[in-house]
Amino acid sequence: MAQPLKKLMSCVILDLDGTLLNTDGMFSEVLKTFLVKYGKEWDGREKHKIVGKTPLEEAAIIVEDYGLPCAKHEFVNEVYSMFSDHLCKVKALPGANRLIKHLSCHGVPMALASNSHRATIESKISYQHGWKESFSVIVGSDEVRTGKPSPDMIGVMAGKAAGMEVVAVPSLPKQTHRYTSADEVINSLLDLQPEKWGLPPFQDWIEGTLPSEPWYVGGPVVKGLGRGSKVLGIPTANLSTEGYSDVLSEHPSGVYFGWAGLSTRGVYKMVMSIGWNPYFDNAEKTIEPWLLHEFDEDFYDEELHLVIVGYIRPEANFPSLETLITKIHEDRKVAERALDLPLYSKYRDDPYLKITSSKGQ
């Protein structure tokens, strides 16, 4: 339930990179390619250092940390030239198009503010249908005197310095502690409740679920972390994350649902978690589906295909194992009811779920 309003919002200013666009993932891929020429390997350890920085600030950090024999401006010119060549592949983050369309349809004025230069912003959003026309104002870091955390260029600290109400959407995992000055921290734009801020509420939630375009994950069932059946009493059919780095980058951690197809058994309702499971503090992001059926035996190595059709809630921590288990069973009930709705039940016949078994052939 939404909390009492702090302020009535008259307009919304949005950040771009890591909030609306998944540029972080693409930038990491470009950096990997760039560093190879110097015999270096990008391991992501500088990600938290470069968030919200200008291109030259990013260059200074990476050139120094990796001991690169190049000047900052050389780094910027080459890396951003490579990045520009890949802009057409950068995807909107989940909830971004939904939010922009929602605010635009309700006549809420929107501005876009980014630490990127104006020309770069224009290039990034040119591949996103309807975005440019939706913003009344677009401001880049080359158009202001001082950047973040000055109010000239909006970020969490900058927004607070300007007397604004700020909702933070961390683009890096396990970093919510860095946003304590924000008025609210949410897992992704899917979790934004505009009515908290006096804005028109979304009307697209259906029986506790948010529909999405279907997306697909598949592979052999692997042994998990040994806690599903043993600790939780919930037998998950884990999938390897190998080969799914893009999927894991594109979709925020949380609880989803859909349909699962097993090569020798059929199609079943499914609820799943993607993320770090804060209660257990996973070191890696995992994919843990729970097939909502009582099986008599394990099916490790069997081919499993998932069609994910909707979202239930963000990933959360819990004060006890009992409250975690209770919540997981609530998720199961939500998924089971929702998957009986025509909106979702039609995907039971998705061809991706019809797996031909290779056994006996």
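## Close-up views of a predicted model

**View 1. Lining of the largest cavity, by residue type.** The lining residues of the largest cavity split into 14 nonpolar, five polar and five charged. This is a predicted model. The largest cavity has a volume of about 340 Å³. The structure holds one cavity of 30 Å³ or more.

**View 2. Centre of the largest cavity.** In total, 24 residues line the largest cavity. Which of them are closest to its centre? They are Ser273, Asn277, Arg313, Leu324 and Ile328.

**View 3. Elements around the largest cavity.** Two helices, α9 (228–232) and α11 (321–338), each supply at least two residues of the lining. Strands β7 (254–262), β8 (266–275) and β9 (286–291) each supply at least two as well. Which strand gives the most to the lining? It is β8, with four residues.

View 4. The chain has twelve helices and ten strands. Its radius of gyration is 22 Å, close to the 21 Å that the globule rule gives for 361 residues, so the chain is as compact as a globular protein of that length. Its C-alpha atoms fill a box of roughly 65 × 55 × 40 Å along the principal axes.

**View 5. Contacts, burial and surface.** Take the contacts between residues at least 6 apart in sequence: 69% of these join residues at least 24 apart. Of the 361 residues in the chain, 47% are buried. The chain exposes about 18,400 Å².

How values were computed:
Residues numbered from 1 in each chain as written. Predicted model: local features only at pLDDT ≥ 70, side-chain atom pairs only at ≥ 80, totals over all residues. Heavy atoms only, no water. 1 Å grid on protein atoms, 1.4 Å probe; cavity = no way out; pocket = protein on both sides within 12 Å on 5 of 7 lines; lining within 4 Å. Points joined across faces, edges and corners; volume = space filled by probe spheres on them. Nonpolar A, V, L, I, M, F, W, Y, C, P; charged D, E, K, R; others polar. Rg over C-alpha atoms; globule rule 2.2 N^0.38 Å. Buried < 20%, exposed > 50% of the residue type's maximum accessible area, 1.4 Å probe, protein only. Contact = heavy atoms within 4.5 Å. Areas by Shrake-Rupley, 256 points an atom, 1.4 Å probe, with all protein chains shown as cover.
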